[in-house]
Amino acid sequence: MNILFAKRWIRGSIVASPLVMLLVGFLVIPLSIIVWGSVEGSKLNFAHYARIFSDETNLRILLYTLKTGLSVTVVSLAAGYPVAYLLTKIRPRALSIVTVFILIPLFTAFLIRTYAWIIILGREGIINNTLIQFGIISEPLALLNTTFAVVIGMIHVFIPMAIFTMYSSMVRIDHDFARAAQILGAKPVQAFLRVYFPMSLPGVFAAGILIFIIAIGFYITPALLGGPSDTMISQLVVTQMTTLLNFELSYASSIILLLVTIAILFFASLFIPLEMIWSSSTVDLANQRRGKRFRALEGRTSVLRPLIAVETLIHAVTKPLITGHARWLWAYTVVVLVFLTAPLIVIVVLSFSSSPFVVFPPPGFSLQWWEKLANATDWQESFLFSLRLGLTSAFFATIIGTMGGFWLVRTTLPIKRALFLFSLSPLMVPVVIVATSLYVFEARIHLLGSFIGLVIGHVLLSVPYVIVVMAAALRGFDQSLERAAAVHGAHPMQVLRLVTLPILKPALVTAALLAFLTSFDELLVGIFLIGRQTPTLPIKFWGDIKYQINPLLSTASTFIVLLVTVTILIAQWIRVRHEKRISINARK
């Protein structure tokens, strides 16, 4: 290994090969099969595409998907922007506390959060019971299985994502620019709208593109909270594939969704580097293009600047809020945090209910549902299977992603930026398309329904997150430490084992935890690839939520929320400990 690693091109090939084989073998080839199948192979029959646009129902579903995705994106950005702005101004300790309250909902399974909204929005749910109790309404409102339920459930999912994506960009903006504008006579509103806000627009745009791409391919929340008129294109693809067995039409629907995603990404590339959407810390890979595109975006913001009269009016209205040590920002942030955590609190409370039915507030305290969960062998089997699957997927994803991160950061190839985007391609493709293509491909190579095939699907979705974390860590790594070890006689493998990996340990742990949570939460890939294996925990949740709602689901959900909370606290503790160690070494 030392002889091989001594040659740069051999070392690069060895390090890059697992990632390249994974992406080409289980993303590019399966997608090619889907594209080929959508036109019935050599027949080049485009009738299935024509049917989608000529059929009123299919066209309505496509337009509804785009409209819902846009609505959810705009509301999530507007709701998350003040919180992201506050995070750039508060002290590290307060930042860590607020971050934990945002991370817990972010990494809690979509199914659990959707289940919570079923309880809140149902005919006998919290909202209807409260309104009836106060005499505001005489009969329950139809909140569930409506567009409102779909939008509110998706907003709850995407606000944390919007906050962290915008914050990662906004934290780099120096607030002294806005303060300098005020010193020169600008009012607080003018300083914000004319100085800070235009500088933050690239981050807002990146967050919007990310949320919109995920929203138009979303499946869980629309399927559980929406009605027949709220069907989205992801549901159409799944129905065509699993129920109607109309594979060619399913392929065509998937490709149309993929083409929409590509068009959105192309439009985004005109304004910002695409890699900024997933990791602003690696945006330097864009080199000169970054400056040009940021300037292009900021130049276009001139048309958004309000008139002076409007600014004066806004200043007069918001002056009591802006001047007050950001108390209004804190108040707003608390409201957002309550919105994000309240559904989870409802689930936790219901897990201790004495009622045999889902009733909130519970009539009494009881541990009966925890006892039933402890004795429920089907839940235990699903949990253990998901745990084994998650650990296995995280192990391989961490290895492949770390090797890929080394290659992407340290390669001198002129196409480095294109390679980085290619490594993130599983995040660019809607999950329903990844699941569909893997289903077809693994059936052909006889991996469908096997544990190996399931692991491959989960690793494919987890690797990009590992690459993002490790690439950011490696870009801040001091390579002179490796050269110093080599000068003192250490072989390449010794340098890696004794110097590089120990320094990167916090990033490795974070990447592994992120890969594990991604695998543990995945539903669609599991539905398509599980076969006759033990259902994973998300699939178990999915089956039970569709057919029965009882406090046992709340108890199982509470257990998962506790698991996620402990995982996040461990990751935060590792990060804080690492930062303290760095500061102590810097003082020495």
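The model is predicted. A search of the whole structure finds three salt bridges and one cavity of 30 Å³ or more.

**Helix H23**
- H23 runs over residues 451-475, and its 25 residues reach 35 Å from first to last C-alpha, close to the expected 36 Å.
- The helix bends by about 30 degrees at Ser462, with Pro464 following within four residues.
- Because 20 of its 25 residues are buried, H23 is largely enclosed by the rest of the structure.

**Cavity**
- The largest cavity has a volume of about 100 Å³ and a lining of 13 residues.
- Nearest its centre lie Ala109, Phe520, Asp521, Pro538 and Ile560.
- Helices H6 (110-121), H26 (505-521), H28 (537-547) and H29 (551-587) each give two or more residues to this lining.
- By type, the lining residues are 11 nonpolar, one polar and one charged.

**Salt bridges around Lys540**
- Asp378 pairs with Lys540 in a salt bridge, with the closest N and O atoms 2.7 Å apart.
- Asp378 lies in helix H19 (residues 377-410) and Lys540 in helix H28, so this pair ties together parts 162 residues apart in sequence.
- Asp544 also forms a salt bridge with Lys540, at 3.8 Å between the closest N and O atoms.
- Both Asp544 and Lys540 belong to H28, four residues apart, or about one turn of the helix.
- Shared partners join Asp378, Lys540 and Asp544 into one network.
- Lys540 is buried at 15% relative accessible area, as is Asp544 at 12%, whereas Asp378 is partly exposed at 35%.

**Salt bridge at Lys43**
- The side chains of Lys43 and Glu40 form a salt bridge of 3.9 Å, N to O.
- Lys43 is exposed at 63% relative accessibility, while Glu40 is partly exposed at 28%.

Notes
Residues numbered from 1 in each chain as written. Predicted model: local features only at pLDDT ≥ 70, side-chain atom pairs only at ≥ 80, totals over all residues. Heavy atoms only, no water. Expected span 1.5 Å × (residues − 1). Bend = angle between axes of the 7 residues up to and from the residue. Buried < 20%, exposed > 50% of the residue type's maximum accessible area, 1.4 Å probe, protein only. 1 Å grid on protein atoms, 1.4 Å probe; cavity = no way out; pocket = protein on both sides within 12 Å on 5 of 7 lines; lining within 4 Å. Points joined across faces, edges and corners; volume = space filled by probe spheres on them. Nonpolar A, V, L, I, M, F, W, Y, C, P; charged D, E, K, R; others polar. Salt bridge = Lys/Arg side-chain N within 4 Å of Asp/Glu carboxyl O.
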